[in-house]
Amino acid sequence: MIETRGREVPLSYAVTLLVGVAIGFLLARFGDFVGRYPVESTLVAVLVASLAVLAWACREMLHDLLRRDRPEVSAETEQAPGPRLSAHRPPNGARR
């Protein structure tokens, strides 16, 4: 028998589709400005991409900051692992 399974579409595919539709709409609406002012249009596109990357980086940093777990009571009773030093270094960290 054939099993029916739901297909999961990755979020990145949906975002890529929506960005493509938005870019197509903007080019259809404002395509004459892109042809008339190519340098300025490129600079605006780079600015928008830079802001998107900056927003993504801020989101990732906040996610990492909030994801840090506070040690529980049982974890505090265990000894913390020692520093991970190379076997070729003395305890003060200086190389010979």
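Biologist: How many helices and how many strands are there in the protein?

Modeller: Happy to start there, with the reminder that this is a predicted model. From the N terminus on, the elements run α-α-α. The count is therefore three helices and zero strands.

Biologist: At which residue does α1 bend?

Modeller: Helix α1 covers residues 11-36. Its 26 residues reach 35 Å from first C-alpha to last, close to the 38 Å expected at 1.5 Å a residue. There is a bend of about 75° in α1, and the residue where it sits is phenylalanine 30.

Biologist: Which residues make the nonpolar surface patch with Leu11?

Modeller: A residue joins a patch only with over 30% relative accessible area, and leucine 11 has 65%. The patch takes up about 530 Å². Besides Leu11, its members are Val15, Val19, Ile23, Leu27 and Val34.

Biologist: What share of the protein's residues count as buried?

Modeller: Good one to ask! The protein exposes about 9,900 Å², with carbon and sulfur atoms supplying 64% of that area. To count as buried, a residue needs under 20% relative accessible area. Of the 96 residues, the share that does is 1%.

Biologist: Which residue forms a salt bridge with glutamate 60?

Modeller: Side chains of opposite charge can pair when their charged atoms come close. Glutamate 60 is partly exposed, at 26% relative accessibility. The closest N and O atoms of its salt bridge are 2.5 Å apart, and the partner is arginine 59.

Terms used
Residues are numbered from 1 along each chain as its sequence is written. This is a predicted model: local features need pLDDT of at least 70, side-chain atom pairs count only at pLDDT 80 or more; totals for chains, interfaces and linings use all residues. Side-chain values use heavy atoms; hydrogens and water are left out. Patches are made of residues with over 30% relative accessible area and no salt bridge: like charges are joined within 9 Å, nonpolar side chains (Val, Leu, Ile, Met, Phe, Trp, Tyr) within 5 Å. Accessible areas come from the Shrake-Rupley method with a 1.4 Å probe; for residues, only the protein chains shown count as cover. A salt bridge is a side-chain nitrogen of Lys or Arg within 4 Å of a carboxyl oxygen of Asp or Glu. Helices (H or I, at least four residues) and strands (E, at least two) are DSSP runs, numbered from the N terminus. Buried means under 20% relative accessible area, exposed over 50%, partly exposed in between (1.4 Å probe, protein chains only). The expected span of a helix is 1.5 Å times one less than its number of residues. The bend at a residue is the angle between axes fitted to the seven residues ending there and the seven starting there.
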